[in-house]
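Hi,

Here is the structure I promised to pass on to you. Have a look at it first, and then read my notes below with the model open beside them.

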Amino acid sequence: MGVTTTIRVGVGLLLGAAVLAQAHTLEPLPAGVSAGQVLVPQGVYAHIDTRQTQEMLQTLTQGSAEQQQAALERVRAAPERFQPPVLYAMSQVLFKAKLYHEAAFWFYAGQLRARFDVNRSTDPTTRQAVDALNQVYGAPINRYLFQDLDRALDLIANVVAWDRKTPYDYDPHWINLHGMQAVQAARDPQSAGARTAASLSQPPSEWAAIAERTRAKYFKSFQDAITGMQDKLPPSPPAQPSR
């Protein structure tokens, strides 16, 4: 049967040891539910397939160097098959290997795809998954990338272009395991029967438009942030006249 999916309240899907050790509760919890409590998904949530993600996260966070390298090659060969948390974890392995630019690319690729999955979900509280992943993996990569603002914007443009041309061949409902609706369904199995796979997301006919809006907003947020940083930089000294 493989790995059993669980919901850890305040974090959602069992994202791996690194996430569980560092992520914080990001949403108000339902009455009677404590942070860190482990619940078993019920109803439609029990059929969301995250086994590959959990196995890859375990390898990338706890595997040997050889196992991690093999996992990296699997993702590089077919990134469209992997749910965004795998791209986040991949970025950490690459950063530790001093492959800083590639690490940044996969971090932001994972972030963009995760935001799209939130935007096509019908449960807005799923955004806590992106917040948790950013908290765990983001700080060193953000520090690296924003040392060179022009290069930073070029990388984000490449991420957006890559996302636009790369298929989404994974189950987007992984994100629903991070929302309060999944927690409530796990607490009340009878209510879980009211939800269907179709009810977890916006209609598929709208996904392409949602994806494009997500990309546009994502790129503009970086443009605005970088412009703000550039405005705060001290002016360059005037060029010295040649003799």
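This is a predicted model: local features need pLDDT of at least 70, side-chain atom pairs count only at pLDDT 80 or more; totals for chains, interfaces and linings use all residues.

Helix α4 covers residues 84–96 and helix α6 covers residues 127–145. Their axes are 10 Å apart, and the angle between them is about 30°. Angles under 35 degrees count as roughly parallel, so α4 and α6 are roughly parallel to each other. If you look at how they cross, the crossing of α4 and α6 is left-handed.

Which residues do the touching? On the α4 side you'll find P85, Y88, A89, S91, Q92 and F95, and they meet V130, L133, N134, Y137, P140, I141 and Y144 in α6. Sorted by class, that contact has 10 nonpolar and 3 polar residues, with no charged ones.

Helix α5 (residues 100–120) packs against helix α7 (residues 149–165) at an angle of about 50°, and here the axes are 9 Å apart. That angle makes α5 oblique to α7. The crossing of α5 and α7 is right-handed. From α5, the residues involved are H101, A104, F105, W106, Y108, A109, L112 and R113, while α7 brings R151, L155, I156, N158, V159, V160, W162 and D163. By class, this contact of α5 with α7 has 11 nonpolar, 2 polar and 3 charged residues.

The largest nonpolar core has 46 residues, and the ones that touch the most other members are L60, W106, Y108, L145, L155 and I156. Helices α2 (51–62), α3 (65–77), α4, α5, α6, α7 and α10 each give two or more residues to this core. Which element gives the largest share of this core? That would be α5, with 10 residues.

Next, the loop between α9 (189–192) and α10 (207–232), where you'll find A194. L200 is in the loop between α9 and α10 too. Is A194 buried or exposed? Its relative accessible area is 68%, and exposed means over 50%, so A194 is exposed. L200 is at 1% relative accessibility, and under 20% means buried, so L200 counts as buried.

A194 and V44 are 150 residues apart along the chain, with their C-alpha atoms separated by 9.1 Å. L200 and Y45 are 155 residues apart along the chain, and their C-alpha atoms are separated by 9.2 Å. Skipping neighbours within four places in sequence, L200 is in contact with V44, Y45, I48, R120, S121, T122, H173 and N176.

Finally, zoom out. The protein chain has 10 helices and 3 strands, and along the sequence they follow the pattern β-β-α-β-α-α-α-α-α-α-α-α-α. Of its 243 residues, 46% count as buried. Among contacts with a separation of 6 or more, residues 24 or more positions apart account for 79%.

Key. Residues are numbered from 1 along each chain as its sequence is written. Side-chain values use heavy atoms; hydrogens and water are left out. Axes are lines fitted to C-alpha atoms, for helices over the stretch in contact, and angles run from 0 to 180 degrees between N-to-C directions. Helices (H or I, at least four residues) and strands (E, at least two) are DSSP runs, numbered from the N terminus. Angles under 35 degrees count as roughly parallel, over 145 as roughly antiparallel, 65 to 115 as roughly perpendicular and the rest as oblique. A crossing is left-handed if the near helix is turned anticlockwise from the far one by less than a right angle, and right-handed if clockwise. Contact means heavy atoms within 4.5 Å. Ala, Val, Leu, Ile, Met, Phe, Trp, Tyr, Cys and Pro count as nonpolar, Asp, Glu, Lys and Arg as charged, and the others, Gly among them, as polar. Buried means under 20% relative accessible area, exposed over 50%, partly exposed in between (1.4 Å probe, protein chains only). A nonpolar core is a set of buried Ala, Val, Leu, Ile, Met, Phe, Trp, Tyr and Cys residues joined through side-chain atoms within 4.5 Å.
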